[in-house]
Amino acid sequence: MNIVITGASKGLGKSIAEQFAGDKQGHNILLCARNESALNATWKEMQGRFPRSGLKVLACDLSKKEEITRFADWIHSEVSHVDILINNAGQFVP
């Protein structure tokens, strides 16, 4: 399956990505988050733990329209279709 997860560098988004990657089905998992260094650290960690999954990452801020367009174009360049979209991008304001 082709799975897209936003807000995936930590917390719930990262946990969801780990669940899909850990099921040993060999999914294509495309991750995004605003923080490029945190996202790359997540990618590196998960690549080592889940070598059967095709993990790809793109740092982008989905609060900006041009970044959304860039993200969508990137998805289309990586996979032919999306089976699952987990839209976890957001901000927690207590």
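This is a predicted model: local features need pLDDT of at least 70, side-chain atom pairs count only at pLDDT 80 or more; totals for chains, interfaces and linings use all residues.
Mentor: Residues are numbered from 1 along each chain as its sequence is written, and side-chain values use heavy atoms, with hydrogens and water left out.

Trainee: Why is Thr6 called buried?

Mentor: Buried means under 20% relative accessible area, exposed over 50%, and partly exposed in between (1.4 Å probe, protein chains only). Thr6 has 2% relative accessibility, so Thr6 counts as buried. Its place is in the loop between E1 and H1; helices (H or I, at least four residues) and strands (E, at least two) are DSSP runs, numbered from the N terminus.

Trainee: What makes Ala89 partly exposed?

Mentor: Ala89 has a relative accessible area of 38%, and therefore counts as partly exposed. Ala89 is found in the segment after strand E4 (84–86).

Trainee: Which residues does Ala89 contact, leaving aside neighbours within four places in sequence?

Mentor: Contact means heavy atoms within 4.5 Å. On that basis Ala89 is in contact with Thr6, Gly7 and Leu62.

Trainee: What lies 2.8 Å from a polar atom of the Thr6 side chain?

Mentor: The backbone nitrogen of Ala89 does. A polar contact is a pair of N or O atoms within 3.5 Å; within protein, one must be able to donate a hydrogen and the other to accept it, and residues adjacent in sequence count only if both atoms are side-chain atoms.

Trainee: Which members of the largest nonpolar core touch the most other members?

Mentor: Ile5, Ile29, Leu31 and Met46, out of 14 residues. Such a core is a set of buried Ala, Val, Leu, Ile, Met, Phe, Trp, Tyr and Cys residues joined through side-chain atoms within 4.5 Å. Strand E1 (2–5), helix H1 (11–21), strand E2 (28–33), helix H2 (36–49) and strand E3 (54–59) each supply at least two of its residues. Apart from it lies another core, of nine residues, among them Leu30, Cys32, Ile75 and Val79.

Trainee: Which residues lie nearest the centre of the largest pocket?

Mentor: Gly7, Arg34, Asn88, Ala89 and Gly90, among 19 lining residues. On a 1 Å grid over the protein atoms alone, a pocket is an open set of points where a 1.4 Å probe fits, with protein on both sides within 12 Å along at least five of seven lines; lining residues have an atom within 4 Å of a point. H1 gives the largest share of the lining, three residues.
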